[in-house]
Amino acid sequence: LTYSLVALSANCKHTAQDAVQFVRYDCEEGKYNPVASLLLTTSEGAVKRLFSRHDANEIHFRNELLAFLSYTSLNIGLTGVPVPSGNFTGSMLIGGLIGRMMGALVRDYGPGMAVSGVYAMVGSASMLAGFKQMAVAVVVFITGAANDLGLIPPLMLAVTISLLLNKLINERGFDEEQILRKAIPFLPPEPPRLMDRVVALDLRDDLPSEATLTPEADYRSIEAALQQDKVDCFPVLKDNICIGFTTRARLQAALEVWQATGFVEHPPGVPRPKANSDAGGEQMGKWISATVARESSFSGNVLPVKRLTERAPYTILEDMPGPRLYALFAKAGAKAACVISENGQFRGMISRKGLISTARRYEEASDQAQYDETIADEDEEQSLVIPSPLP
């Protein structure tokens with residue numbers, strides 16, 4: 001709707017004989033709407049028109065400015081909405097519009113070294129490189145689209161400047177910033193550099209004592225464990241030996257059914273534990289937990305937690321190097337692992353959620369250390385410069 005209203009403000013142009021690619025929209029027969037040709041079409045079609053070297057007189061600066069303002073405003077305003085909108089081609093289109101406008105200004109008021117389509121390609125490459133933080137791939141992609149190897153030098157220069165400016169302005173890339181703001185449990189495939197110096201004992205989660213359960217636990221113990229909001233996987237210990245993990249969803253389902261039977265009542269004045277949703281889907285686990293809770297309500301005042309436990313857990317020696325255990329979570333997809341001593345005693349746990357948080361801290365520390373090291377090198381180089389003698 002917005003694009004349609006913006007397109008109505010454009011002036012219709014006469015269609016050239018070879019300009020069959022433009023959109024007529026509200027124009028008369030034999031004419032086309034230049035703004036509609038950029039907005040009321042696919043992003044690929046709009047980029048193709050911007051890259052063209054044969055339509056310099058078909059789309060003018062005013063039309064490109066209208067398309068740029070409307071498209072960029074909506075693109076920024078709708079960022080992060082869970083709707084497929086095509087950020088890749090959208091970035092190319094925004095950069096192409098900026099480059100095309102610059103080409104029109106240079107053509108009208110400057111030396112006019114190249115047609116507007118070339119400026120659009122350079123602008124598109126700059127925007128795409130800064131947005132996606134890619135260099136060679138962008139140059140190869142735009143050069144292949146133009147089918148002109150002569151564009152490689154200006155594209156490489158534009159991409160280099162774009163990446164340098166992006167590093168100065170933005171702390172993280174767009175995708176990484178979205179992951180952090182939406183708290184997406186993403187674990188990079190490779191560990192941070194500083195993790196080479198640590199072992200499993202240093203990477204343990206901050207696990208409260210209430211979060212550990214025994215194979216058979218009473219109501220208050222389970223409720224105390226569920227009150228630990230930052231814990232999603234609960235280790236089950238037998239004689240200080242980790243026999244497995246159970247999840248928050250399973251314990252919550254068992255607790256609710258246990259209360260529904262009337263065997264136990266929720267203590268007054270105590271807040272009910274939060275039932276966090278499990279991203280992996282715990283419907284079958286909840287059903288099993290409910291069945292176990294019903295059976296236990298007739299057999300005693302304890303819940304057989306071991307029946308809700310995933311047995312044979314991953315175990316990690318306390319002195320295992322950080323990069324080795326990192327691969328277990330990043331590539332093997334483990335959700336939690338027990339950290340044990342040489343004689344099998346439980347020393348703590350490492351969860352995927354906790355490792356993600358730890359990896360981000362190490363990554364930020366690594367970036368800061370690299371920055372400090374660069375500053376130190378520059379200061380050292382300046383200290384080695386021999387001052388010129390005074391006159």
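The legends below describe close-up views of a predicted model.

**View 1. A nonpolar patch on the surface that includes Ile 161.** Five residues, Leu 157, Ile 161, Leu 165, Leu 168 and Ile 169, make up this nonpolar surface patch, and together they have about 570 Å² of accessible area. Ile 161 belongs to helix α8, which covers residues 152–169. With a relative accessibility of 44%, Ile 161 is classed as partly exposed, because that class lies between the limits of 20% and 50%.

**View 2. The crossing of helices α6 and α7.** Two packed helices are described by the angle between their axes and by the distance between those axes. Here the axis of helix α6 (residues 116–132) and that of helix α7 (residues 136–146) come within 10 Å and cross at roughly 150 degrees. That angle makes α6 roughly antiparallel to α7, because angles over 145 degrees are counted in that class. The crossing of α6 and α7 is right-handed.

**View 3. Two asparagines with positive phi, Asn 147 and Asn 240.** Most residues other than glycine have a negative phi. Asn 147, which is not a glycine, has a positive phi near 55 degrees, and Asn 147 is placed in the loop between α7 and α8. Its relative accessibility of 74% means that Asn 147 counts as exposed. For Asn 240, phi is likewise positive, at about 60 degrees, and this residue sits in the loop between β4 (233–238) and β5 (241–247). Asn 240 has a relative accessibility of 34% and therefore counts as partly exposed.

View 4. Side chains of opposite charge can pair when their charged atoms come close.

**View 5. The salt bridge between Arg 248 and Asp 232.** The side chains of Arg 248 and Asp 232 meet in a salt bridge with an N to O distance of 3.7 Å. Arg 248 lies in helix α11 (residues 248–260), while Asp 232 lies in the loop between α10 (219–226) and β4, so this pair ties together parts that are 16 residues apart in sequence. Arg 248 is buried, with a relative accessible area of 3%, whereas Asp 232, with a relative accessible area of 32%, is partly exposed.

View 6. Arg 347 lies in strand β10 (residues 346–351) and Glu 318 in the loop between β8 (314–317) and α13 (322–330), so the two tie together parts of the chain that are 29 residues apart in sequence. Arg 347 counts as partly exposed at 35% relative accessibility, whereas Glu 318, with a relative accessible area of 19%, is buried. Elsewhere, salt bridges that share partners join Asp 232, Arg 248 and Lys 353 into one network.

Terms used: Residues are numbered from 1 along each chain as its sequence is written. This is a predicted model: local features need pLDDT of at least 70, side-chain atom pairs count only at pLDDT 80 or more; totals for chains, interfaces and linings use all residues. Side-chain values use heavy atoms; hydrogens and water are left out. Patches are made of residues with over 30% relative accessible area and no salt bridge: like charges are joined within 9 Å, nonpolar side chains (Val, Leu, Ile, Met, Phe, Trp, Tyr) within 5 Å. Accessible areas come from the Shrake-Rupley method with a 1.4 Å probe; for residues, only the protein chains shown count as cover. A salt bridge is a side-chain nitrogen of Lys or Arg within 4 Å of a carboxyl oxygen of Asp or Glu. Helices (H or I, at least four residues) and strands (E, at least two) are DSSP runs, numbered from the N terminus. Buried means under 20% relative accessible area, exposed over 50%, partly exposed in between (1.4 Å probe, protein chains only). Axes are lines fitted to C-alpha atoms, for helices over the stretch in contact, and angles run from 0 to 180 degrees between N-to-C directions. Angles under 35 degrees count as roughly parallel, over 145 as roughly antiparallel, 65 to 115 as roughly perpendicular and the rest as oblique. A crossing is left-handed if the near helix is turned anticlockwise from the far one by less than a right angle, and right-handed if clockwise.
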